[in-house]
Amino acid sequence: MENEKFIVPEATFTEKPDGYELKVLLPGIGKEDAELHIEGRTLTLKTNSKYQNPAGFKKVVGEFERANYAINVDLPEMADAASLAAKLENGILAVKIGKKPETQAKKIEIA
Amino acid sequence: MNTMLNMDPWGFLDDLLDTSSRAFRAMRARAAGRFPPVNVFMDDDAVIIDLELPGKTAKDVELTLESQAVVIADKPEPVTDTVTGKTEAGRPAWSRRLDLPFRVNADKANAKFTNGILRIELPKAEANGVKRIAIAG
């Protein structure tokens, strides 16, 4: 019984003043094929690719294979897990996470 | 210590072609972002070409069919010169050309994007045989 092999996908994590954005490249993966979990501050992603080589054809050039992706991301302290929104479109997963309001920069009025 | 157990100097080439090896992945990583990887499948009646293009859709790619070749190229947004106001087509970031061993039936060719993978189906043209040309005079 072979263990499923997972590839770490290309991902970028950017911080903006009002939140964070995680962009993961998942070619061949649709919405239904990806599982996203959050436990505490750790985001886990696993996919079950449905990309198939066309049946009955001979592979003449093979520069990429059916791949399943898995990645764990530890979110920073200021990330607000409750305000997480994820969208998977055209093989790119975009996860937007807000920052905890109490950690946002605030102007303090001097009396 | 010098261990010369493996005397095959060309072994690294097998590594480069083995998609599961680290050497292949390293080569692939260097090419990543410069042009999309391609899978080509053939049977007696058609050729199927898959390209890995995450995030792209039909409007981002230019597909051109020649009599015996197919060219897939990046189609960037048009660029407008802020000084002169002229708009030009942007320079494509990548382009891949595949020469085919047979002529393609352009009417039956189709291409579809699914989850960032572009699948192009090119059926062989029926009359791939040799045509006789009548000589006048």
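In strand 1 of chain B, Phe41(B) is the bridge partner of Lys59(A). Both chains belong to a predicted model, in which local features need pLDDT of at least 70, side-chain atom pairs count only at pLDDT 80 or more, and totals for chains, interfaces and linings use all residues. Residues are numbered from 1 along each chain as its sequence is written, while chains are lettered from A and ligands numbered from 1 in the order in which they are written.

Strands here are DSSP runs of E with at least two residues, helices are runs of H or I with at least four, and both are numbered from the N terminus. Two strands pair if DSSP finds at least two bridges between them.

The contact as a whole takes 22 residues from chain A and 17 residues from chain B. Residues are in contact if their C-beta atoms, placed from the backbone, lie within 7 Å. On the side of chain B that touches chain A, the elements giving two or more residues are strand 1 (38–42) and strand 2 (46–52) of chain B. Strand 1 of chain B provides the largest share, five residues. By type, this side of chain B has eight nonpolar, six polar and three charged residues. Nonpolar means Ala, Val, Leu, Ile, Met, Phe, Trp, Tyr, Cys and Pro; charged means Asp, Glu, Lys and Arg; the others, Gly among them, are polar.

Chain A has nine strands and zero helices. Its C-alpha atoms fill a box of roughly 80 × 25 × 20 Å along the principal axes.

Within chain B, strand 3 (residues 61–66) and strand 4 (residues 69–74) pair in the antiparallel sense over six bridges. A hairpin joins these two strands of chain B through two residues, and Leu63(B) stands opposite Ile72(B) in strand 4 of chain B.

How far does the predictor trust this? The complex has an ipTM of 0.83 and a pTM of 0.77. Chain B has a mean pLDDT of 84, with 78% of its residues at 70 or more; pLDDT is the predictor's confidence in each residue, from 0 to 100. Among the elements of chain B, strand 9 (residues 117–123) has the highest mean pLDDT (95) and helix 2 (residues 22–31) the lowest (67). Where pLDDT is low, the predicted coordinates should not be read in detail.

Notes:
Two residues are in contact if their C-beta atoms, placed from the backbone, lie within 7 Å.
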